[in-house]
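Open the model in your viewer and keep the sequence panel in reach. The stops below say what to select next and what is there.

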Amino acid sequence: MDVIKDILTFLADNVFGQVPILIGLITLIGLILQRKRFEDVFAGALRATIGVVILFIGVEVFTGGLTSFQTVLASAMDTTPPQADNTLADFLTKQGGTVALVITVAFLVHVLVVRLFPAARYLYLTGHLMFWISTVTVASLVTIAPDADQLTLVLCGAGFVAAYWTLQPLWMRPLMRRVMPDDRFGFAHTSSLACLITGYAARPLGSREKHDTEKLKLPRQLSFFKDVNVSTALIITVIMLVGVAFADDGVVAKAAAEMDDKLSPWVWAILVGLRFAGGIAILLFGVRMFLGEIVPAFKGFSDRVIPGTRPALDAPTVFPVAPTAVMVGFVSSTVVFLICLAVFAGAGWFTLAPPMIMLFFVGGAAALFGNVVAGWRGAVLGGVISGLVLAVGQAVTWGLYEKTAPELATLADPDWYAIAWLLKAVEPVAGGKAVWAVPAVALAAMVASLLLLGRAEKRRGGPDGGDSAPEDRAAAAA
């Protein structure tokens, strides 16, 4: 038993938890299954792996600046982040092994489900979110069933997580078909609920054809805003400068010293804005590089291992479709969150911690899907919805994880909040063996959804549903 546990933990830590390795292996196996020549297999797998590494380098470049800006922003707003007796580090020290086992068992169940049910279609491959979803699930289970042993936590958590990984790309599919009409890959990101709400709420606001963010007409003097690198650098630099102007001098000086102790805070703010734009450019380059390999390589799995399946990938994979919409979403979500921060603090409700990284990825993703429905109006709405969800979710969820890892509320994406409160709902009956209702209900709902979706696809004559509209496919899936 210990040997099996060690193997599963090793796989979680060294394969599923390492996105470049996971994507590289998937590409390698896919190309081998297509019987490509050795040099093509070797080069393709390496390019996919390097592409993911470049993507994460880009993320590190711009998130480093955002982390510092988060501190400066809190100082400028004169707020102090909430304090907790328990920390995420302490929780992972106690339950890290459980989380690792949940990841591995859940992925094996997920692969089996996708193999058995053609309607499942997508294989969830966003490795770092595999870790976070498993962590959130285990923390929630520990909250509602504090006396549960490790085996119970692993099996209950894995069943729930496998159901989420299977269904999440499916409920995003109608919107993804607007972004990727050829259905090359699915969307696997925990911003999905904000994206879904935006997609439906944006319908009355217009159309992409008339208001697409990527086709906005600007005066000649402002035409430089069409270059996403230039507009990104300018907008973030202005935000940084405003933050520096109102923040405590000591806080700003300390943040600037982390980059260079001889650096002026004002120059530091400008450099952070420029690094942010550079990081986004690096990220998008990495996305294009690894997509160019993983998508065609995945055909090997689709043809020989799991017929008809496609990879479901991280949010940045769709950012190149509408980078201007992504920036609109980031800015609007940040503005709304800061308004909520001021209102909550003034009313004495809760002191919010600005989650700049989440505001970028969630706000950007929701805005992109809002744009494909209603153009720039939908993009702004996506940012507004994201800012509200992240602010309200953080405030109401902090106390839920008070005895485990409260930081999960400040690091969260919208789907994390939904999972936390969905599992909280079973707490009244979670005594004893009732906690097993969590995976039982989740897996039953998953199977029922897949059977209904499969029947609907057969009636429409195929997995793509013929020429039916995305909203018709969503209704059938629901």
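Predicted model: local features only at pLDDT ≥ 70, side-chain atom pairs only at ≥ 80, totals over all residues.

**A helix, a sheet and a helix pair**

Residues are numbered from 1 along each chain as its sequence is written, and side-chain values use heavy atoms, leaving out hydrogens and water.

Stay on α15, residues 356-374. Helices here are DSSP runs of H or I with at least four residues, and strands are runs of E with at least two, numbered from the N terminus. Next select G375, which follows α15 and has a positive phi near 70 degrees.

Move to the strands. Three of them form an open parallel sheet in the order β1-β3-β2, where pairing requires at least two DSSP bridges between two strands. The edge strands, β1 (122-124) and β2 (186-187), each pair on one side only. Two bridges join β2 to β3 (residues 310-313); select G186 and find A312 of β3 opposite.

Finish with α8 (residues 192-201) and α18 (residues 414-424), whose axes, fitted to C-alpha atoms over the stretch in contact, are 6 Å apart at about 105 degrees (N-to-C directions, scale 0 to 180 degrees). That angle makes α8 roughly perpendicular (65 to 115 degrees) to α18. Show S192, L193 and A194 of α8 in contact (heavy atoms within 4.5 Å) with P414, D415 and A418 of α18.

Conventions:
Parallel < 35°, antiparallel > 145°, perpendicular 65-115°, else oblique. Expected span 1.5 Å × (residues − 1).
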